[in-house]
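User: I am new to this structure and would like to learn how to read its contacts. Please take me through them step by step.

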Amino acid sequence: MSNHAIQVENLSKAYRIGLKEEIPDTFMGAATGWLKAPLRNLRRLRRLNTFAENAGQNGDAKDQLPEKNGNSCEPASDTIWALRDVSFEVQPGEVVGIIGRNGAGKSTLLKILSRITDPTSGRAVINGRVSSLLEVGTGFHPELTGRENIYMNGTILGMTKREIDRKFDEIVDFSGVEKFLDTPTKRYSSGMTVRLAFSVAAHLEPEILIIDEVLAVGDQEFQNKCLGKMNEVAHSGRTVLFVSHNMAAVEGLCMKAIHLSGGQLSHIGETHDVIAGYLQHGLTIASEIDLSDHPRRVRGMQSVLKSVSISLGDGSSVNQIPLGSDIRFDVVVDPPRPIRYARLAIRLFNSVGLRVTTCHNEYQHPEPIAIAGKTTLRCIMRNCRLAPGAYTVNLQFDDHRVALDKIDSCAGLEIIPTDIYGTSRVLPTHAAIVFPEVEWSVRAGGMGERLAASFKAC
Amino acid sequence: MFIDFRELYQYRDLFRFLVWRSIKTRYAQSVIGIGWAVIQPVFSMIVFTIIFGNLAKISSDGVPYAVFTLTALVPWTYFSNSLSESAGSLVNNTSMISKVYFPRLVLPLSAVIAKLLDFFIAMLLVFGLMAYFRIAPTWNVVFLPLLVVLMMSAAAGLGAWLTALAIQYRDVKHAMGFVVQLLMYAAPVVYPASLIPDRYRLVYALNPMVGVIEGFRAALLGSRAMPWDLIGVGAASAVVLLLSGLMYFRSRERLFADVA
Ligand SMILES: Nc1ncnc2c1ncn2[C@@H]1O[C@H](COP(=O)(O)OP(=O)(O)OP(=O)(O)O)[C@@H](O)[C@H]1O
Ligand SMILES: [Mg+2]
């Protein structure tokens with residue numbers, strides 16, 4: 001017998017999404033379309049579940065439905081694979097983060113694991129009592145009082161009345177709404193409702209906890225409280241699956257992470273690496289990146305930034321940049337009209353999405369830059385001491401105070417550790433943002449003498 | 001077994017709170033509150049007594065028309081209300097279905113149970129009216145619990161069918177309102193079952209509410225002997241309805257979250 005907490009094998013889930021309605025162009029067309037609408041609707045509604053039915057005919061979800069053999073439904077244009085052939089295992093006590101872009105299938109995966117929906121093929125085996133939290137406050141009724149909603153929500157999440165009785169005071173304490181306990185929740189502010197709801201969820205005691213993005217609620221203080229609680233849960237030996245877009249939270253809580261991309265498992269492993277891969281995902285570390293038609297150009301911006309290339313100070317292009325080297329950014333811009341005060345910002349974000357530095361000609365270049373026509377702006381960051389890891393680059397080009405173009409995550413770069421301190425020791429790269437040039441010295445005696453010595457040295 | 005009773009039992013607290021939630025929230029912020037449970041049958045009774053009793057002079061098996069129709073209206077109101085309530089139970093709780101796992105059956109079942117409160121309150125009214133007309137219940141009242149169970153199974157069975165259909169086809173919701181109203185004329189609410197020709201009597205009894213309503217009248221008003229033939233046929237059809245409804249519900253259950 002396996003002793004995994006969660007074992008997922010070749011899990012796939014197909015959804016049908018509605019086909020686009022045809023728009024009639026004649027009156028007769030509209031009239032016949034209208035008459036045929038019920039039939040069309042019936043077909044559409046029936047199709048909503050065709051896949052699941054196929055899986056159902058195979059009896060248990062355990063019998064895998066090999067779609068490669070072509071005996072399942074033919075692929076249709078309105079079919080999307082929310083998950084495709086995902087396999088992984090989670091050991092008891094592991095805290096695993098799941099990351100991925102919107103629509104990557106994270107929630108779908110959690111729904112299958114918490115038995116809310118069945119997979120189209122593949123299987124998921126879970127050993128232990130599961131509680132899943134895909135939304136805070138499920139079952140809350142605005143007419144019920146806070147007290148009543150605690151019971152309602154708690155039982156929906158799978159607690160028994162006795163369990164809730166036992167933890168009631170703790171829950172109320174944590175939520176901080178004891179004054180309003182006997183007020184209908186429709187009289188609460190939305191933040192208060194969320195606090196109450198989260199407090200109930202925070203007191204679940206399952207062996208396996210599944211959490212979708214629910215932490216991004218409440219005010220800062222409450223969020224910190226939630227993260228603290230999560231941390232406590234994570235360290236109590238429970239198995240946790242945690243979906244979040246907050247990389248810092250994932251990095252802080254999880255030892256292992258899974259990166260889903262387009263329904264497929266793109267990377268699983270140590271959190272730091274997976275997050276780096278995720279932020280790097282879809283970015284090119286190519287020598288020259290074409291920006292003229294970039295998908296992540298901020299809406300409303302013109303295409304002024306044409307290309308960027310990242311290389312070492314001497315112009316040699318490498319995939320990985322050794323810590324402490326010079327990094328050269330060559331940015332080609334082509335504004336539609338001459339510009340008197342060109343401003344270029346090159347911002348670097350680290351793997352948890354924190355902006356670590358900005359190179360900007362406004363305060364780094366002595367004179368204003370005036371350009372007309374296609375121009376290359378070069379910026380060399382000397383002796384780059386940023387901690388090893390993956391970085392993404394965001395570019396913004398302004399004409400004086402007017403933003404002309406801005407592209408998020410348009411390039412990536414990776415800095416790899418080197419022995420910059422000459423000690424042949426491993427750098428604690430996860431624990432720092434920069435590794436500046438430092439000098440250590442040792443002298444005998446107390447402060448006074450040391451200060452005196454340094455004065456003499458001057 | 002096609003229904004996981006152990007799991008349902010594990011979720012008994014949820015079941016209890018759902019019943020209680022629907023009772024508590026239904027009449028929230030209303031002046032008359034639970035009084036609405038009796039207003040619906042009382043007003044129907046008044047209208048029917050005037051139109052069918054006084055104007056159309058429909059036979060009422062020798063008892064005053066008002067009490068004749070009220071004994072039918074109370075179980076019928078329960079039946080129709082629990083049908084619409086359970087049909088709406090999934091549709092109105094889609095967020096619950098798509099965000100949490102629990103045996104989905106607790107939603108329609110709790111709707112059927114919650115409506116019992118209204119039913120019992122309205123029953124008090126029936127007894128009040130019987131006292132007013134000086135009608136004593138017969139011995140057969142001991143069978144009332146049986147009739148109540150029959151009434152609930154019919155409601156739960158049909159409710160399970162409608163619930164499972166309603167989540168995928170919202171048409172059910174729109175149809176419910178008037179179909180239930182029309183169905184009332186297929187049950188002996190405003191007229192006695194004795195009006196139905198004998199040939200059709202047993203076919204007529206396939207509607208489980210026929211046996212229930214005539215049973216209520218026989219037990220409470222003593223207008224006729226207990227119509228065991230109607231009740232027997234009705235019970236058989238209620239069992240079929242209940243089993244098939246639960247089976248259909250189970251087979252659809254896994255899709256609810258996807259199609260909701
Ligand atoms: N009930 C449904 N019917 C049809 N398509 C669905 C359904 N639920 C999800 N999908 C589709 O499945 C895909 C994956 O959705 P999912 O909710 O798992 O994304 P996600 O990774 O959680 O995204 P996000 O970060 O925005 O929460 C999406 O393309 C979505 O449109
Ligand atoms: Mg999601």
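**Domains, interface and salt bridges**

Analyst: Domain 1 and domain 2 of chain A bury about 530 Å² between them, 62% of it on carbon and sulfur atoms. Buried area is the accessible area (1.4 Å probe) that two parts lose on being put together, summed over both. This is a predicted model, in which local features need pLDDT of at least 70 and side-chain atom pairs count only at pLDDT 80 or more, while totals for chains, interfaces and linings use all residues. Residues are numbered from 1 along each chain as its sequence is written, chains are lettered from A and ligands numbered from 1 in the order in which they are written, and side-chain values use heavy atoms, with hydrogens and water left out.

User: Where do domain 1 and domain 2 of chain A run?

Analyst: Domain bounds come from an automatic or database domain assignment. In chain A, domain 1 covers 6-22 + 84-279 and domain 2 covers 289-416. Their C-alpha centres lie 38 Å apart. Contact (heavy atoms within 4.5 Å) involves 8 residues from domain 1 of chain A and 7 residues from domain 2 of chain A.

User: Which three residues supply 59% of the area that domain 1 of chain A buries against domain 2 of chain A?

Analyst: They are H272(A), A276(A) and L279(A). A salt bridge is a side-chain nitrogen of Lys or Arg within 4 Å of a carboxyl oxygen of Asp or Glu. Between domain 1 and domain 2 of chain A the count is 0 salt bridges.

User: How should I read the contact between chain A and chain B?

Analyst: Start with its extent, then look at the pairs. Chain A gives 35 residues and chain B gives 28 residues. The area buried between the two chains is about 2900 Å², with 59% from carbon and sulfur atoms. The rule finds 4 salt bridges across this interface. In one pair, K24(B) with E148(A), the closest N and O atoms are 2.9 Å apart. Helices (H or I, at least four residues) and strands (E, at least two) are DSSP runs, numbered from the N terminus. On the side of chain A that touches chain B, β1 (6-16), α1 (27-47), α2 (50-57) and α4 (146-156) of chain A each supply at least two residues. Of these, α4(A) gives the most, with 5 residues.

User: Why can such side chains pair?

Analyst: Side chains of opposite charge can pair when their charged atoms come close. The structure holds 27 salt bridges over all chains. In one of them, K13(A) meets D258(B), with the closest N and O atoms 2.7 Å apart. K13(A) lies in strand β1 of chain A and D258(B) in helix α12 (residues 256-259) of chain B, so the pair joins two chains. Both K13(A) and D258(B) are buried; buried means under 20% relative accessible area, exposed over 50%, and partly exposed in between (1.4 Å probe, protein chains only).

User: Are R378(A) and D330(A), which form a salt bridge, buried or exposed?

Analyst: R378(A) is exposed, with a relative accessible area of 52%, whereas D330(A) counts as buried at 9%. Their closest N and O atoms are 2.6 Å apart. R378(A) is in strand β17 (residues 375-381) of chain A and D330(A) in strand β13 (residues 327-333) of chain A, so the pair ties together parts that are 48 residues apart in sequence.

User: Which residues are linked in a network of salt bridges?

Analyst: R343(A), E362(A), D398(A) and R401(A) are linked in this way.
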